[in-house]
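Visitor: Please walk me through this model. I would like the definitions as we go.

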Amino acid sequence: MKLSRLFLAGLVAVPLATFSGAHALSSASLRNAPELSRAVFPPNAVASERLAYAAFLDGVKGAVGAARQDKAASSAAQADGMPASAPSPADLQRLARSPAQAAREALKREPLLPKAHALLALSEADPQKRRRIVTLASNLNRREISLQALVLQQRAEANDYAATIDTLDQILRVHPERQAEFFSLLVNALTQRETRTAFSNLVRDPLPWRDAFLGFAVGKPEALENLAAIRQDIDLDNRAFDQRLIAGLVAQGRIDEAASLYNLVAGSEQGTPAGSWQADYPPFDWQLADTPGLRAQSNSDGTRLEFSVDPGEGGILASRIIPAPSSAFEIRVPHELDPSSEREDLKLRVSCVGQITPFFEDTFANRKSVFAIRRRPDCQYLEVAIAGRAWTGSRALSGTFGELQVISR
């Protein structure tokens, strides 16, 4: 699918349709300003432009409403990856044809009216003439979003990714209130492999809307692959984004990509997983329980983990992904439990990432902090987890762990 089709719905239909307030603004001006109240004779160019544009918007909204009621059209559009309610370029041209006549008359009296130029471009059937109108008009006015939307569509049709994204940057700087709709379009562009370089160049600079967009995009599973590739190319001081990106890649089963990114942002070698209980970038760092009745918290230097489980509660206290050792291995976990705690209710589990059932599970009862795993697991990455439970009517389960170590045998 061409990039231009991804942008079409939002950059022509949606931004233009959201200018429905233009109709009210025009009507209020006609009522309150003497010069606009004489719009019939002599005609006022600004009032004529606004009324023509409002008529076009009414047509767009009518077409959108009709499309939403057409279930067959909706199914076909969604199957093609396009919003069902988006008017086609031919529809927009048809809807703009009549208002463009009034816009043309307004331009005779006031040549710099931006919405009038947008209507002329939308109504033009000749692609070369349309591009010429858009180029010249946008040079006169770079703030009018209807014109910038057409510039954006024009650059997208040419598959000029860098220029398309640059135009989006300009729009978002001038119209930050439009982030919600344009961020969705940026994510659509981001899913295209060909845009990686352009996006890397874009987000390398501290744009005013960059962090907001990254926070939006990292919540979209379809964008994670390209976000990971881009993050490898740029320096970025945004821990929350890195945390969500790493966790999102793991959730998609992209463990190698997530591990590579973890090594980059954490500045450590994942091949030496033994050490502190730090929880900066889970799940390659520790993911610690933090719910009422089930808590685990590391001390200030990460050398010890304190935990507690209230009666009637239970679950995973701490878990982490590590590379699977190349041979049999043992896990050493120094621990101190409250004298009243039941050691058999505290367990160590080891499983292959992605598998629900652990291939190793044992309690801390009668153990000297050493768990032997006598066979090499048939997977590349392991999840090590410590689980605890305090039964209803029993005492709370609590204690501390020292640094967990994984040692090949």
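Guide: Helices (H or I, at least four residues) and strands (E, at least two) are DSSP runs, numbered from the N terminus. This is a predicted model, where local features need pLDDT of at least 70, side-chain atom pairs count only at pLDDT 80 or more, and totals for chains, interfaces and linings use all residues. Residues are numbered from 1 along each chain as its sequence is written, and side-chain values use heavy atoms, with hydrogens and water left out.

Visitor: How do the axes of helix 14 and helix 16 run, roughly parallel or roughly antiparallel?
Guide: Helix 14 spans residues 224-233 and helix 16 spans 255-266. Their axes (lines fitted to C-alpha atoms over the stretch in contact) come within 10 Å and cross at roughly 30 degrees, on a scale from 0 to 180 degrees between N-to-C directions. Angles under 35 degrees count as roughly parallel. Therefore helix 14 and helix 16 are roughly parallel.

Visitor: Which residues of helix 16 does helix 14 meet?
Guide: Contact means heavy atoms within 4.5 Å. From helix 14 come Glu225, Arg231 and Gln232. In helix 16 they meet Glu257, Ser260, Leu261, Leu264 and Val265.

Visitor: Strand 12 pairs with strand 7 over three bridges; which residue is the bridge partner of glutamate 336?
Guide: Strand 12 (residues 397-401) has four of its five residues buried, so it is largely enclosed by the rest of the structure. Strand 4 (residues 305-309) pairs with strand 12 in the antiparallel sense over five bridges, with phenylalanine 307 opposite glycine 399. Strand 7 (residues 335-337) is also antiparallel to strand 12. There, the partner of glutamate 336 is threonine 400.

Visitor: Is lysine 108 buried or exposed?
Guide: Lysine 108 lies in helix 6 (residues 89-109). Its relative accessible area is 60%. Exposed means over 50%, so lysine 108 is exposed.

Methods. Angles under 35 degrees count as roughly parallel, over 145 as roughly antiparallel, 65 to 115 as roughly perpendicular and the rest as oblique. Buried means under 20% relative accessible area, exposed over 50%, partly exposed in between (1.4 Å probe, protein chains only). Two strands pair if DSSP finds at least two bridges between them.
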